[in-house]
Amino acid sequence: MPAPGDIVVEITHSGISTGTEKLFYTGQMPPFPGMGYPLVPGYEAAGEVVEAAPDTGFKPGDRVFVPGSNCFAPTEAGPIRGLFGAATKRLITPAHRAVRIDPALEAEGALLALAATARHALAGLNNVLPDLIVGHGTLGRLLARLTIAAGGEPPVVWETKPERRKHAQGYEVIDPATDPRRDYQSIYDASGDPKLIDTLVMRLAKGGEIVLAGFYTEPVAFTFVPAFMKEARIRIAAEWQPEDMVATRALIESGALSLANLITHTRPASEAPEAYATAFNDPDCLKMILDWRATA
């Protein structure tokens, strides 16, 4: 039952993460607060408020983004953990965790978490916009779009897979083997490959920065001497914060940030097993969305 300050949300769309959710799926997720099974995954969901107390600031019919919930009743096997608990037909969440969004944002409303995560990486300690982004997946594309929205020069984007070099919006996507540059000031890695650090150090200008914007399950290591010679800085970007969500929503509503051409696949939630297999194994799947609207 909802407590004071809670809202009830009927989820229409949720996204599948090929980072953390794939690690759960394969059993490779490192120890993480709230871990345990059974669990409800997912931190990307959009839906409609169906119940809200007047003091929550929401009303039935509001379209919202929800990053998850931990509202699930225990079973005979024990408690059901919400990590992060967004992949469900209906959920209860504290009102302060929900974000009101434009009703026109249907499936794309579920992408706000990833967009806010990209914005959080860009708004880091030095606030240096990238001139090189590694990886043209969903996160890499959002980093590039946000860089341009912030007034930065169009970054170069590396992508080794030819099929992933499509749909660039105002920037160039190239095969890294064809790039001769060795003077990048700010390199953002969105690939999640921990073995790339030495390669990226060699592409830095002296005093440049590498931002690790992915999620790395293996130890991240690098050769010290080249990094020493470059006086390289290495920064880690974690998950979004409330101020990132506010700023990202404003960029979307103003038209400065587009979420178009990021969702490549959509499946009914009743076909979740097939959807997860496609999201994790199909190289042509950039972002998979589960559609909950026809689910009983």
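This is a predicted model: local features need pLDDT of at least 70, side-chain atom pairs count only at pLDDT 80 or more; totals for chains, interfaces and linings use all residues.

Student: Why is the pair of F65 and W240 called edge-to-face?
Tutor: Planes under 30 degrees apart count as stacked, over 60 as edge-to-face and the rest as tilted. The planes of F65 and W240 are 65 degrees apart, at 6.5 Å centre to centre, so the pair is edge-to-face.

Student: What does this pair tie together?
Tutor: F65 lies in strand β4 (residues 63-66) and W240 in the loop between β13 (233-236) and α6 (242-254), so the pair ties together parts that are 175 residues apart in sequence. Helices (H or I, at least four residues) and strands (E, at least two) are DSSP runs, numbered from the N terminus. Both F65 and W240 are buried (under 20% relative accessible area, with exposed over 50% and partly exposed in between, for a 1.4 Å probe and protein chains only).

Student: How do you know that α2 is largely enclosed by the rest of the structure?
Tutor: Nine of the eleven residues of α2 are buried, so the helix is largely enclosed. Its cover includes β4, α3, β11 (184-189), β13 and α6.

Student: Why are α2 and α3 called oblique?
Tutor: Angles under 35 degrees count as roughly parallel, over 145 as roughly antiparallel, 65 to 115 as roughly perpendicular and the rest as oblique. The axes of α2 (residues 112-122) and α3 (residues 138-149) cross at roughly 60 degrees and come within 9 Å, and the two helices are therefore oblique to each other. Axes are lines fitted to C-alpha atoms, for helices over the stretch in contact (heavy atoms within 4.5 Å), and angles run from 0 to 180 degrees between N-to-C directions.

Student: What makes α2 roughly perpendicular to α6?
Tutor: The axes of α2 and α6 cross at roughly 110 degrees and come within 8 Å, which makes α2 roughly perpendicular to α6. Among the residues in this contact are R119 and H120 of α2 and E243 and D244 of α6.

Technical notes: Residues are numbered from 1 along each chain as its sequence is written. Side-chain values use heavy atoms; hydrogens and water are left out. Rings of Phe, Tyr and Trp (its six-membered ring) pair if their centres lie within 6.5 Å; planes under 30 degrees apart count as stacked, over 60 as edge-to-face and the rest as tilted.
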